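Here is a short briefing for a first look. Please keep the sequence and the 3D view side by side while reading.

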Amino acid sequence: MGDRMSEAPGRIIFLNGTSSSGKSSIARELLEILDDEVWFHLGVDMFNAMRTMRAIEQAQFDEALKRTRKGFHRSIAAMADAGNNVIVDHVLSEPWRLSDCLDVLSPYRVMFVGVRCDVEELTRREEARGDRPPGLAAQQHGLVHQHGDYDFECDSGAYSPRECAERIKAFLPNQPGPTAFERLREGIRR
């Protein structure tokens with residue numbers, strides 16, 4: 001980034017999964033157990049909550065949502081650029097979102113984590129939450145993992161958020177290179 005501070009860039013743990021897959025719960029657990037440095041949780045839902053909620057036309061809403069996602073991606077880079085460690089939770093349900101993240105986050109070492117959960121459990125969680133359109137998680141299920149490459153994956157249906165966080169923490173210092181983000185960028189260049 002242009003005006004880099006003197007600190008080393010922060011580390012990024014990037015959680016990708018459907019709505020209701022447990023990403024935010026895992027991120028909160030990571031904040032509790034990552035005790036080596038200070039970490040921040042940046043969630044896409046947090047950015048959505050900052051947007052005006054008045055009714056607008058669908059085309060205007062879609063454009064605002066795209067700008068929100070682009071701003072979210074750049075805020076991750078800005079936090080890391082300032083030396084902050086960041087835990088991201090996101091739903092990469094459209095190919096452009098991953099492409100934008102690969103581009104914007106190219107200067108940083110990213111641990112890309114796939115948060116998976118079977119559709120039945122996603123549906124149960126979605127219904128229990130009551131704050132998502134019915135069927136959203138099932139619709140996203142086939143989209144968010146299309147790129148097929150992660151540094152680490154966890155099954156939030158088989159493991160609790162704490163167990164997933166502990167597994168991620170154990171993997172973090174042993175993350176081999178090239179990273180999934182590096183491999184995916186290379187695949188796009190070909």
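In which helix is the place of Ala138? Ala138 sits in helix α6, residues 136-141. Helices (H or I, at least four residues) and strands (E, at least two) are DSSP runs, numbered from the N terminus.

This is a predicted model, in which local features need pLDDT of at least 70, side-chain atom pairs count only at pLDDT 80 or more, and totals for chains, interfaces and linings use all residues. Residues are numbered from 1 along each chain as its sequence is written, and side-chain values use heavy atoms, with hydrogens and water left out.

**Overall build**

- The chain has eight helices and five strands.
- Their order from the N terminus is β-α-β-α-α-β-α-β-α-α-β-α-α.
- The C-alpha trace spans about 45 × 40 × 35 Å along its principal axes.
- The chain has a radius of gyration of 16 Å, which agrees with the value near 16 Å for a compact globule of 190 residues. This radius is taken over C-alpha atoms, and the globule rule is 2.2 Å times the number of residues to the power 0.38.
- Of the 190 residues, 46% count as buried. Buried means under 20% relative accessible area, exposed over 50%, and partly exposed in between (1.4 Å probe, protein chains only).
- The accessible surface comes to about 9,900 Å², and 51% of this surface belongs to carbon and sulfur atoms. Areas come from the Shrake-Rupley method with a 1.4 Å probe; for residues, only the protein chains shown count as cover.
- Among contacts in the chain with a separation of 6 or more, 81% join residues 24 or more positions apart. Contact means heavy atoms within 4.5 Å.

- The largest nonpolar core has 24 residues. Such a core is a set of buried Ala, Val, Leu, Ile, Met, Phe, Trp, Tyr and Cys residues joined through side-chain atoms within 4.5 Å.
- Ile12, Phe14, Ile76, Leu105, Phe112 and Phe181 have the most contacts inside this largest core.
- At least two residues of this core come from each of β1, α2 (44-50), α3 (58-81), β3, α4 (95-104), β4 and α8 (180-189).
- Another core, of 19 residues, lies apart from it; Leu15, Ile26, Trp39 and Ala165 are among its members.
- Ile76 touches Ile12, Phe14, Leu42, Val86, Val88 and Leu105, not counting residues up to four places away in sequence.

**Helix α1 and its cover**

- Helix α1 covers residues 23-33, and its buried residues are Lys23, Ile26, Ala27, Leu30 and Ile33. They cover an arc of only 130° around the axis, which puts them on the same side of α1. The arc is that of the directions from the helix axis to the C-beta atoms.
- An α-helix has 3.6 residues a turn, so residues three or four places apart point the same way.
- Cover for the buried residues of α1 includes β1 (12-16), β2 (39-43), β3 (85-90), β4 (110-116), β5 (152-155) and α7 (161-171).
- Ala27, in helix α1, is buried at 0% relative accessibility.
- Beyond its neighbours within four places in sequence, Ala27 is in contact with Leu15, His41 and Ile87.
- Ala27 and His41 are 14 residues apart in sequence, and their C-alpha atoms are 6.5 Å apart.

**Helix α7 and its cysteine**

- Cys164, Ala165, Ile168 and Phe171 are buried in α7. Seen down the axis, the buried residues of α7 fall within an arc of 125°, so they line one face of the helix.
- β1, α1, β4 and β5 are among the elements that cover them.
- How many disulfides does the structure hold? The structure holds zero disulfides, a disulfide being a pair of cysteine sulfur atoms within 2.5 Å.
- The sulfur of Cys154 is 3.9 Å from the closest cysteine sulfur, in Cys164, too far for a bond.
- Cys154 is buried at 4% relative accessible area, and Cys164 is buried at 0%.

**Two further sites**

- Thr18 is in the loop between β1 and α1. Thr18 is buried, with a relative accessible area of 3%.
- Not counting residues up to four places away in sequence, Thr18 touches Lys23, Val91, Leu122, Ala137, Gln140, His141 and Val144.
- Ala138 is partly exposed, at 37% relative accessibility.
- Ala138 and Asp81 are 57 residues apart in sequence and 35 Å apart in space, C-alpha to C-alpha.
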